[in-house]
Amino acid sequence: MDAFLLQILNGLDKGSAYALIALGLTLIFGTLGVVNFAHGALFMIGAFCAVTLQRILNLSYETVDETQTDFLGNPLKVKTPYVESWFGPEAGAAIIDWSVPLAVLFAIPIMLAVGYVMERGLIKHFYKRPHADQILVTFGLAIVLQEVIKYFFGANPIQTPPPEALRGSLDIGVMFGFDPNAIIYPIWRLVYFAFSAVIIGGIFAFLQFTTFGMVVRAGMADRETVGLLGINIDRRFTIMFGIAAAVAGLAGVMYGPLNPPNYHMGMDFLVLSFVVVVVGGMGSLPGAVLAGFLLGILESFASTTWATTTIPGINQIIIYLVAIIVLLTRPRGLMGRKGVMEE
Amino acid sequence: MSNKSVTRRGVLKTGAVAGAGVALPTIFTASSAAAYTNEPTGGSVTLGFNVPQTGPYADEGNDELLAQQLAVEHLNGEGDGGCLNTFTSKALQGNGILGKKVEFVTGDTQTKSDAARASAKSMIEKDGAIMINGGSSSGVAVAVQGLCQEAGVIFMAGLTHANDTTGKDKKANGFRHFFNAYMSGAALAPVLANAYGKERRAYHLTADYNWGWTQEESIVASTEALGWETVNTVKTPLASTDFSSYIAPVLNSGADVLVLNHYGGNMVNSLTNAIQFGLLDKQANGKDFAIVVPLYSELMAAGAGENIKGVLGSMNWNWQLQDEGSKAFVKSFGEKYGKPPSNSAQTCYAQVLLYADACERAGTFNPCGVVEALEGFEFDGLGNGPTLYRADDHQCFKDVLVVKGNESPTNAYDTLEIVEVTPVEQVTYAPDHPMFSGGDLGQCNPGA
């Protein structure tokens, strides 16, 4: 039972990342009708916002310590971050320690701007082009973006650790009456899940309870009619693109402490996220979230020793297997609108 | 006076016969003009450096490239000479190789076998490279080694740790300076016994490809010989990015040691995940839980950050070694590039010097001469202590380092500390050892 619950938690955690990326993807497809293969790159850029802020906070001045030597035997240059000299060693160290949560604030304007520039600068020129053209150009853009990141940050993974207080793991089994040590789960993974839930909830609330959201939903249902009513739906859709980019970026920022960011992390998630969108239903926001968590949990269970010994390789194909079954039996996806991808 | 008129047909006939006569010597001698592939004819010789310049191992490839460029400088008599001053063979004089200036071309393996073969082929066929050096993957090494054997050039492998490179896939034209998975197991086992005792239960997570399998086999064999029990061996897809699903079952498996047979990004992520799950803070079977990473590299250590603290593993070489060869190389590399070299950089640097030295001693660039010069060659002064290039399998035998994640690093580079230098005798095995059986060196191929 404890092993079962652990894999459920793992699945929810994986599903959080899938759902956040897929949510943005399906939002873009639903509003602009664009298949955005650069969405994984936005997730990666988000993670590198955290890396960048970490580097900024660690900008240091050097003092020479004659008592120590470097690897060549020269006097050691000791680096002291500016924030430590400005705010004092303790406060400065605390700011650096909390660089990932701070990066959430840092990343929001950057990701909104990246999304805006991407949409206005490139993607709007492809609205009326076939999906194949959109895929090619956005995939090309994704490659360019990841190579730019590699140029500046290298190919090696870069650690963006969580704050000291949120490292380590929590014995959550005890809270639910299990034996001690039965269900131990990393604190940051729980934080990531909670963060995802808040973001997903926020997006739904924004679309459901604000006038802006109402117009966007109306535009998703019938863009032409909304336009005829005198509403500049294009501008709102551009803003939605920025919001989708920000969601992917924030998912990346918070993902860094789970697995150190590297330049190709976006590609690792891209294909899976598309499968999530297709399984959930193209353009369906609840579908993307449901499919994200569902596939995350299935993938976790497929990775257990029991599953891999019963059906070797199941851990690598489970998601695609589900996608095939869904596409064969219900081409519009679990919660897709009738008619979408069915004609 | 002759009245013979010159006809067009006559001119053509005469021209054809004369042309054939002039061409005759080359028609029959063209194939034998060069005694071997890419025999250098001018004042220079071209080496081919095939390293990952793109893809996830690009940083490691870049480090290899820097070291290879340094080796070329030293061969041509530039810079401070580096290990030419400490190498026990004194055949190299700093005037190139056999009096020819050393030049190089580079290829990008992308850490993909097909791309690596294509780049090696291009360097051999288009650029006239006489040897291929470098790389950061066993799959690539085996693929390129096979190509070099067919093409008739020497392959000096870079970072390749799978037993198969000098085991079932060994080739007469291929040579490996780097250590292998068997050696990691043999070096680590006594240290593990010392650190964690002889009654341990190990759980292996293994990257699901050739290198992972041979490392798992080697570590399982050496730890079981100690008395350890292997609780489970789980293969993880190479493309995995998150290992939480694989780590979670370890917690309640009855194991008290986790062995991560992962490299590169796999290792960085699996170790990070294991630390997140608090494995190192946990007790199992009344003992402190331990994690082992059998193959370390400096770049992986940097990627894993604080997570490697106290975690044991092995390496081919480390810049902190204090022998004269290591010091000379670190000084030369450090002063030029401002950072200490990685162990893959060191192996590539050593391989270039070893190749050049073999050519000098053989008096030829002919691959068969080089093979003969390298087989059974004993040397010192390149940073790993006394070393033998064994004739049976073209594997270098030298001391192996057991290292540990530094608990209190003082700078960005001393993330690993040397725990023990395992003497070569302890990591030496018979050429027909079962883990290396099934291959055949075959005959050297000079090509041409």
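View 1. Lys90(B) belongs to the loop between H2 and strand S2 (101-108) of chain B, where helices (H or I, at least four residues) and strands (E, at least two) are DSSP runs numbered from the N terminus. Although Lys90(B) and Leu382(B) are 292 residues apart along the chain, their C-alpha atoms are separated by 12 Å. The model is predicted, so that local features need pLDDT of at least 70 and side-chain atom pairs count only at pLDDT 80 or more, while totals for chains, interfaces and linings use all residues. Residues are numbered from 1 along each chain as its sequence is written, and chains are lettered from A and ligands numbered from 1 in the order in which they are written.

**View 2. Helix H5(B) and its bend.** H5(B) bends by about 30 degrees at Leu188(B), with Pro190(B) following within four residues; the bend is the angle between axes fitted to the seven residues ending there and the seven starting there. Among the buried residues of H5(B) are Leu188(B), Leu192(B) and Tyr196(B). Just after the helix, Gly197(B) takes a positive phi of about 90 degrees.

**View 3. The side of chain B that touches chain A.** In this view, 39 residues of chain B are in contact with 36 residues of chain A, contact requiring C-beta atoms, placed from the backbone, within 7 Å. The largest share of this side, 6 residues, comes from H7(B).

Methods
Contact = placed C-beta atoms within 7 Å. Buried ≥ 20, exposed ≤ 12 C-beta atoms within 10 Å, placed from the backbone.
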